[in-house]
Amino acid sequence: MPWTQRIGNVNEPILTIENLHITFSTPDGDVEAVKGLSLELFPGEILGIAGESGSGKSQTWMAPLGLLADNSRVSGKISFGGRDLLNLNVRDLNKVRGAELAMVFQDPMTSLNPYLKIGLQLLESIQIHQPELSKSEAKFRCLDMLKRVALTEPETRFNQFPHELSGGMRQRVMIAMALLNQPRVLIADEPTTALDVTIQAEILDLLRELQRDFGMAVVFITHDLAVIAKLCDRVAIMYAGEVQEVGVTSDILNRSKHPYTQSLLAAIPRIDGSRGEAA
Amino acid sequence: MSLLRPTSTESALNKSAEVLQSRSLTQMAIQRFLRNRNAIIALWIVGILLTMAVCAPFFEWYTGYGKAFQDRNFYSGQPPNWEARHYFGTDQNGRDIFVRTIFGMRISLMVAMVAAIVALTVGILYGAISGLAGGRTDAIMMRILDLLISYPLTLIAVIALAYFGRNIFIVFAIIGLVEWQIMARVIRGQVLSLRNSEFVEAARAMGVPPLAILRRHIIPNVLGLAVVYMTLIIPEVILVESFLGYLGLGVQEPNTSLGVLISEGAARIEQKPWFTYGPGFFLVTLLLALNFVGDGLRDAVDPKDR
């Protein structure tokens with residue numbers, strides 16, 4: 001199916017976050033990580049989420065998947081496909097996550113179960129959401145997806161264990177696993193941070209290509225503005241649990257008048273050794 | 001989607017399976033264990049002792065155990081005599097000490113295995129539930145464990161024996177029920193760290209239901225550790241049983257255990273020292289070998305070594 005058909009109405013958001021608050025209760029008192037955040041994700045776009053560590057960028061996107069820690073309290077609304085993801089019980093949430101809403105994590109070295117073969121882990125995610133598929137059909141789809149993420153020798157990898165693969169290969173496996181059920185939204189939480197620069201570029205190209213092919217919306221969380229510039233259609237700049245600025249990437253990166261965005265851009269080290277000027 | 005037919009991938013799979021030498025973590029652990037020479041020698045010794053224990057009736061027949069027992073006036077309390085096939089000598093009642101030692105080892109090993117299985121089952125269940133539940137449930141379960149651990153084992157054993165009578169199965173159960181506590185703690189710690197590990201989080205993000213996460217992602221990662229602790233519990237249990245036997249609280253006549261034999265011998269160590277030599281040698285060898293096997297397994301399973 002061409003991606004233009006899958007996307008649907010581009011002007012209507014596929015996922016809407018309204019007034020999201022996330023608070024963690026710690027022994028030292030409550031910490032509010034996300035303070036009334038509102039954001040819209042449109043079909044078929046790549047939305048970059050940029051911000052420093054602790055700005056709440058990861059926690060914001062853990063919330064729709066129900067992955068927040070036990071000591072957290074959430075309020076607000078996350079609408080996705082006519083449902084409020086914050087009000088679903090685990091059982092209903094399990095039908096959404098992995099199927100319509102998938103995630104790629106930061107560290108591919110620890111995101112795969114060390115005791116299960118790659119193939120079994122891929123099969124697990126396909127069998128949970130599409131139990132009607134026969135085993136050979138499921139396996140065929142896994143192998144096909146491994147080819148799509150440009151993993152060399154997919155048949156061999158299928159029968160290997162995670163520790164036999166390099167970091168870049170594992171991240172390809174993680175991406176393949178996330179895409180197996182053709183989700184409408186993919187959340188990528190710093191998927192290239194743990195990889196070296198050449199592999200990082202390859203993975204970014206791959207994500208862009210897959211996003212076009214599958215016509216899904218991608219949320220790309222990163223602290224790297226260069227990655228945002230390369231990849232994202234729109235970008236949201238986060239600081240202290242709030243969105244400071246949202247807009248088309250080139251506008252934000254080139255013409256931003258927002259002081260935090262300007263200081264963030266100024267913080268990028270340059271090869272000539274001169275420092276940008278913060279406003 | 002690709003145009004490849006499933007059949008062609010199937011055949012490609014079969015072809016690559018022949019070339020491929022993929023090893024799981026378990027296989028790698030076994031390989032590491034096999035390379036550990038001390039552990040392998042210890043494993044052989046345990047194997048030989050185990051075979052001897054299983055074949056105990058053969059030794060009974062070979063040494064003429066019964067015959068000597070009937071003619072007790074002539075045979076009682078004789079020092080080791082290789083020609084008469086009394087390798088460790090005979091006891092007060094004219095019974096061959098070598099045969100008694102083998103039978104005693106049999107009982108000791110049985111006690112240890114039953115106790116280890118009890119400890120493994122209860123420990124894994126308790127530890128896994130506590131670790132998975134977390135929060136208040138976890139705290140309460142751990143305090144109960146603290147309470148149990150603070151009771152001295154000997155006291156519990158004496159009270160239980162006074163209450164239930166001197167039944168060897170009660171001894172099994174008590175020892176197993178005491179030893180599971182450490183196992184439960186170890187398993188709980190492991191489950192707790194696994195619960196928050198990234199691959200479990202990834203599985204949750206994938207929509208895997210909680211029970212499937214437990215079965216497919218947590219238990220396989222805990223089993224190696226559990227087996228290691230089981231091999232380390234076995235020698236400990238043998239020691240505890242021997243200690244109870246030494247206090248006269250263990251196995252009753254005509255059955256015997258290594259601890260009972262040593263305690264009987266200790267009473268006459270000045271006149272007839274060979275009463276303790278055989279059982280003592282077997283006990284030390286068995287414990288040493290079992291500990292070496294356990295240590296070898298622990299080194300093999302330890303993921304830091306990877």
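**Entry 1: the sheet in chain A**

In what order do the 6 strands of the open sheet in chain A stand? I started here, keeping in mind that this is a predicted model. I read the order as β6-β7-β8-β3-β9-β10, and the pairing is mixed. I then looked at the edges: β6 (101-104) and β10 (242-248) of chain A each have a single partner strand, so one side of each is left without a neighbour in the sheet. From one strand to the next, I find a twist that averages 20 degrees.

Next I followed β6(A) to its partner. This is strand β7 (residues 185-189) of chain A; the two run parallel and are joined by 4 bridges.

**Entry 2: chain A as a whole**

My tally for chain A is 11 helices and 10 strands. Why does a radius of gyration of 19 Å agree with a compact globule? Because a compact globule with 279 residues would have a value near 19 Å, and chain A has 19 Å. Along the principal axes, the C-alpha atoms of chain A fill a box of roughly 60 × 45 × 45 Å. I noted that 46% of the 279 residues of chain A count as buried. I looked at contacts too: among those in chain A between residues at least 6 apart in sequence, 66% join residues at least 24 apart.

**Entry 3: two domains**

I see chain A divided into domain 1 (3-100 + 186-266) and domain 2 (110-180). Their centres, taken over C-alpha atoms, are separated by 25 Å. Where they touch, domain 1 of chain A brings 11 residues and domain 2 of chain A brings 12 residues. On the domain 1 side, helix α8 (residues 197-214) of chain A gives the most, with 5 residues. I sorted that domain 1 side by class and got 10 nonpolar, 1 polar and no charged residues.

**Entry 4: where chain B meets chain A**

Last, I checked the contact between the chains, which takes 31 residues from chain B and 34 residues from chain A. On the chain B side, α1 (6-19), α11 (198-205) and α12 (210-246) each supply at least two residues. I marked α1(B) as giving the most to this side, with 7 residues. By class, the chain B side has 14 nonpolar, 11 polar and 6 charged residues.

Terms used: Residues are numbered from 1 along each chain as its sequence is written. Chains are lettered from A and ligands numbered from 1 in the order in which they are written. This is a predicted model: local features need pLDDT of at least 70, side-chain atom pairs count only at pLDDT 80 or more; totals for chains, interfaces and linings use all residues. Two strands pair if DSSP finds at least two bridges between them. Axes are lines fitted to C-alpha atoms, for helices over the stretch in contact, and angles run from 0 to 180 degrees between N-to-C directions. Two residues are in contact if their C-beta atoms, placed from the backbone, lie within 7 Å. Ala, Val, Leu, Ile, Met, Phe, Trp, Tyr, Cys and Pro count as nonpolar, Asp, Glu, Lys and Arg as charged, and the others, Gly among them, as polar. Domain bounds come from an automatic or database domain assignment. The radius of gyration is taken over C-alpha atoms; the globule rule is 2.2 Å times the number of residues to the power 0.38. A residue is buried if 20 or more other C-beta atoms lie within 10 Å of its own, exposed if 12 or fewer, and partly exposed in between; C-beta atoms are placed from the backbone.
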